[in-house]
Amino acid sequence: MPQLTMTAAFERVRNKVIKSYPFAAKYVSSSLTAIAERPEMAPVCPGFSPLTIRKQRIAMREYKIPERKGLRLVYMVSENAVVPVHLYKKGHPPQEHQVVAEVKAQLRALIEDLSSAAGVQRPRHQ
């Protein structure tokens, strides 16, 4: 079973969403537990090959927000890890290409976090 790997980049975005929707913390937590147990449960997001990126829908019952209008948890799956990448409310950002851009930015931040945690120095472009 793949291990759930949290990063500082995801924690920052999660805290921002939880600040707007405090009761959503328990739903995000239970979704993270569920995807750690069954990473294949959410549909694959196209356009991120060779990475396997999936998007889980999350309802927020206290706010009377169903899954289709709720939060989106984007995560990456590999053989030995499930890594949450991004969390956002549907419609924020309003355009799909903006969501893709945010996910790509989060992936870059995630790589930086994992590299610094492993002590790997990335070369700087001149």
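Modeller: Buried means under 20% relative accessible area, exposed over 50%, and partly exposed in between (1.4 Å probe, protein chains only). Helices (H or I, at least four residues) and strands (E, at least two) are DSSP runs, numbered from the N terminus. The model is predicted: local features need pLDDT of at least 70, side-chain atom pairs count only at pLDDT 80 or more, and totals for chains, interfaces and linings use all residues. Residues are numbered from 1 along each chain as its sequence is written, and side-chain values use heavy atoms, without hydrogens and water.

Biologist: Which residues of helix 1 are buried?

Modeller: Helix 1 covers residues 8-20. Its buried residues are Ala9, Phe10, Val13, Arg14, Val17 and Ile18.

Biologist: Why do the buried residues of helix 1 line one face?

Modeller: On the other side of helix 1, Arg12, Lys16 and Lys19 are exposed. The arc is taken from the directions from the helix axis to the C-beta atoms. Seen down that axis, the buried residues line one face because they fall within an arc of 160 degrees.

Biologist: Which side chain of opposite charge is nearest to Lys89?

Modeller: Lys89 lies in strand 4 (residues 81-89). Lys and Arg count as positive and Asp and Glu as negative; His and the chain ends are not counted. Although buried, Lys89 has no salt bridge (a side-chain nitrogen of Lys or Arg within 4 Å of a carboxyl oxygen of Asp or Glu). The nearest side chain of opposite charge, 13 Å away, is Glu102.

Technical notes:
The expected span of a helix is 1.5 Å times one less than its number of residues.
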